[in-house]
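Dear colleague,

Please find below the structure that I am handing over to you. My notes on what was found in it follow directly after.

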Amino acid sequence: MIQLLFLVLFGEGMVAFLLMVKIGLLRELVMQGLDQVKVRNGTVLTIASVMSVILFFNFISIVKIQNKGAKVGTMTPMDQVLWRTHLLEASLVGFSLFLGFLIDRMHHYLRKLVELRTTMGTSRKEVERLEKEKLHLRENEGKANENIKKLQKNFSNLADNLKKLKLESTERDKQVETAEAHVAALQKQAADLLLEYDRLLEDNQNLQTQALGYRS
């Protein structure tokens, strides 16, 4: 029994050492092994319960031997050997249970640490992605501002051109009105000339008629 307990303590000590010190892939292998063991939670609880029962009976045996020695006044060599054996077994079982609890807590917090590192890595990637998107948005915003400035400049040029076209259109309208007035004046002058021409023709005919009358 004592040799088995020493073997268990040695194994637990090696597991605790490998959990505390990272040596290659050994820590990961130990973590995976403990994950598999924890999957079988009933087996672990059964072993812990059995060791607790052994520890309890060892304490009872130690107390009985002490009480027997106290009644007699001294312990026989056999009682001393049994007392020391039970005390050693109780110490080994108690230390084994303590190491088991320590290993369980170390495994739990290391697993949490791995999850936190994974979460931090994911969060860091997400932050980097957001930073890139922010930079890209700033670049797009700069380009958009440049385009807005260009559009505003083009709009200003178009407004100026429109003003020029309106002025030119107004001047042309004035020129057209002037030309129409000039044409109307020319038409009136032509009509007056035609009337004068008709009058002259009539006068000429009258003069020719009078000349013929005088000759007769």
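**Annotated regions**

UniProt, in an unreviewed entry, lists residues 6–30, 42–63 and 83–103 under "transmembrane region". Please bear in mind that the model is predicted. In this model, the span of residues 6–30 is 80% helix and 0% strand, and its end C-alpha atoms lie 20 Å apart. Residues 83–103 are 100% helix and 0% strand, with end C-alpha atoms 30 Å apart.

The unreviewed UniProt entry also carries the annotation "coiled-coil region", which covers residues 113–210. Over residues 113–210 the model is 100% helix and 0% strand, and the end C-alpha atoms are 141 Å apart.

**A buried glutamate**

Glu89 belongs to helix 4, which runs over residues 77–215. What is the nearest side chain of opposite charge to Glu89, and how far away is it? It is that of Lys64, at 14 Å. Glu89 is buried and has no salt bridge; the distance to Lys64 is to be read against the cut-off of 4 Å between a side-chain nitrogen of Lys or Arg and a carboxyl oxygen of Asp or Glu. When neighbours within four places in sequence are left aside, the residues in contact with Glu89 are Met1, Ile2, Leu5 and Asn58.

**Salt bridges**

How many salt bridges does the model contain? The count comes to five. The following pairs are among them.

- Asp104 and Arg105 form a salt bridge, with 3.0 Å between the closest N and O atoms. Asp104 counts as partly exposed because its relative accessibility is 26%, and Arg105 is likewise partly exposed, at 29%.
- Arg129 and Glu133 are joined by a salt bridge with an N to O distance of 2.4 Å. Both residues lie in helix 4, four residues apart, which is about one turn of the helix. With a relative accessibility of 37%, Arg129 counts as partly exposed; Glu133 is partly exposed as well, with a relative accessible area of 36%.
- Asp203 and Arg199 meet through their side chains in a salt bridge of 3.0 Å, N to O. This pair too lies in helix 4, with four residues, about one turn of the helix, between the two positions. Asp203 is partly exposed at 30% relative accessibility, and Arg199 is partly exposed at 38%.

**A nonpolar surface patch**

Which residues form the nonpolar patch on the surface? They are Phe17, Met20, Val21, Ile23, Leu25, Leu26 and Leu29, and together they have about 650 Å² of accessible area. Helix 1 (2–20) and helix 2 (26–39) each contribute at least two residues to the patch. Met20, one of the patch residues, is found in helix 1. Why does Met20 count as exposed? Its relative accessibility is 55%, and the cut-off for exposed is over 50%.

Yours sincerely

Key:
Residues are numbered from 1 along each chain as its sequence is written. This is a predicted model: local features need pLDDT of at least 70, side-chain atom pairs count only at pLDDT 80 or more; totals for chains, interfaces and linings use all residues. Side-chain values use heavy atoms; hydrogens and water are left out. Buried means under 20% relative accessible area, exposed over 50%, partly exposed in between (1.4 Å probe, protein chains only). Lys and Arg count as positive and Asp and Glu as negative; His and the chain ends are not counted. Contact means heavy atoms within 4.5 Å. UniProt positions are given in the numbering used here, feature names are shortened, and annotations may be inferred rather than shown by experiment. Patches are made of residues with over 30% relative accessible area and no salt bridge: like charges are joined within 9 Å, nonpolar side chains (Val, Leu, Ile, Met, Phe, Trp, Tyr) within 5 Å. Accessible areas come from the Shrake-Rupley method with a 1.4 Å probe; for residues, only the protein chains shown count as cover.
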